[in-house]
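Dear colleague,

Please find the structure below for your review. The findings follow directly after it.

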Amino acid sequence: MNPIPTYYENLAAVTMKNLEKRQFECHYCKTAQEAVELANRMVAADSLVSFGGSATLADSGMIDTLRQRTDITLLDRDKAPSRKEVDEIRVQSFHADYYFMSSNAITTEGELVNIDGTGNRVAAMIYGPKNVIIMAGMNKVAPSLEEAVSRVKNVASPLNANHLGRKTPCASTGSCSDCLSPDCICSHTVITRRSAPANRIKIILIGEAFGY
C-alpha cells in the first residue's frame with residue numbers, strides 16, 4: 001500500500017484548516033487532472049485571464065486548458081513575440097478577473113512564501129486581479145515559516161535558475177549563497193499571511209508532487 005496519498009490528505013487537512021482561518025479559499029484534489037478541472041470551472045465565461053511563470057501550471061496542463069477555451073480572453077505572455085509585449089502583458093494582468101500562479105512554499109500554519117526575480121507575479125498576487133488561483137503540489141508544504149523560506153532558497157530557486165538557464169551560484173551548487181549575481185532570481189521575498197479581501201486568493205492543493 002502506498003502511504004503517500006494518505007499522508008498528503010492528512011497534511012492537507014491541517015494546512016487547509018489554517019489557511020481558511022486566514023481567509024484563503026481552499027480546495028484539495030487528489031490528482032492534477034482533478035485540480036485542472038476544478039480551476040477551469042472557477043473561471044467564468046467572458047473573463048480576462050492571465051498567469052505567472054509556473055512549472056506547476058505548465059506540467060499539470062492548466063495553461064493548455066486555458067488556451068483551449070474560446071469564451072475567455074487569455075493574456076498569454078508565452079506567446080508574446082517581444083520582451084516589450086511581455087512587459088505590457090504583465091501590466092495588463094493587474095486588470096485580470098483571474099490570475100493563475102503557484103506558490104513556492106506553503107506552511108502548515110497557512111502562510112504563503114514566494115520569492116521573485118522581477119516581482120510581477122508576487123505583485124499580482126498582492127493586488128490587482130479580482131481573483132488569484134494558486135495551484136500547488138503537496139511537496140511544497142513545509143512545517144514552519146523558516147523551513148518554507150529555506151525550501152524556496154535551497155530547492156525551488158536553484159531548480160528554477162537551472163530551468164531558466166541563469167548563471168547563479170545556486171544553479172551550480174544547489175544551495176543559496178544569498179548572491180547579488182546579475183542573473184539573480186531572488187529580488188523579492190513575500191510572505192502572505194492572510195487573504196484580503198476574504199477568499200480573493202483561492203488555493204488548490206494537489207495530492208501529488210508538482211513544480212519546484
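Strand β5 (residues 105–107) is joined to β6 by 2 bridges, and the two run antiparallel. Strands here are DSSP runs of E of at least two residues, helices are runs of H or I of at least four residues, and both are numbered from the N terminus; two strands count as paired if DSSP finds at least two bridges between them. Within this pairing, I106 has L112 of β6 as its bridge partner. The two strands form a hairpin with 4 residues between them, and G110 in the turn has a positive phi of about 100°.

Please note that this is a predicted model, in which local features need pLDDT of at least 70 and side-chain atom pairs count only at pLDDT 80 or more, while totals for chains, interfaces and linings use all residues. Residues are numbered from 1 along each chain as its sequence is written, and side-chain values use heavy atoms, with hydrogens and water left out.

Strand β6 (residues 112–116) is largely enclosed by the rest of the structure, because 5 of its 5 residues are buried. Buried means under 20% relative accessible area, exposed over 50%, and partly exposed in between, with a 1.4 Å probe and protein chains only. L112, N114 and D116 point one way from β6, whereas V113 and I115 point the other way. β6 also pairs with strand β9 (residues 188–192) in the antiparallel sense over 5 bridges, and H188 in β9 is the bridge partner of D116.

An open sheet of 6 strands, paired in parallel, has the order β1-β10-β7-β4-β2-β3. Its edge strands are β1 and β3 (73–75), each of which pairs on one side only. From one strand to the next the twist averages 20°. Inside the sheet, β4 and β7 run parallel and are joined by 4 bridges, and M101 stands opposite I134 in β7.

Two helices lie across this sheet. α1 lies across β1 and β10 and runs at about 175° to β1. α2 lies across β1, β4, β7 and β10, at about 160° to β10. These angles run from 0 to 180 degrees between N-to-C directions, with axes fitted as lines to C-alpha atoms, for helices over the stretch in contact.

In helix α2 (residues 32–42), the buried residues are A32, A35, V36, L38, A39 and M42. They cover an arc of only 165° around the axis, which puts them on the same side of α2; the arc is that of the directions from the helix axis to the C-beta atoms. The face turned away from this buried side carries the exposed residues Q33 and R41. Among the elements covering the buried residues of α2 are β1 (25–29), α3 (55–60) and α4 (62–68).

The largest nonpolar core has 23 residues, and those with the most contacts inside it are L112, M125, I134, I201 and I203. Such a core is a set of buried Ala, Val, Leu, Ile, Met, Phe, Trp, Tyr and Cys residues joined through side-chain atoms within 4.5 Å. α1 gives the most to this core, with 5 residues. A second, separate core of 22 residues includes A32, V43, M135 and I206.

Finally, D97 lies in the loop between α5 (83–92) and β4. D97 counts as buried because its relative accessibility is 18%. The side chain of D97 makes a polar contact with the side chain of K130 at 3.3 Å; such a contact is a pair of N or O atoms within 3.5 Å, where within protein one must be able to donate a hydrogen and the other to accept it, and residues adjacent in sequence count only if both atoms are side-chain atoms.

With kind regards

Methods: Contact means heavy atoms within 4.5 Å.
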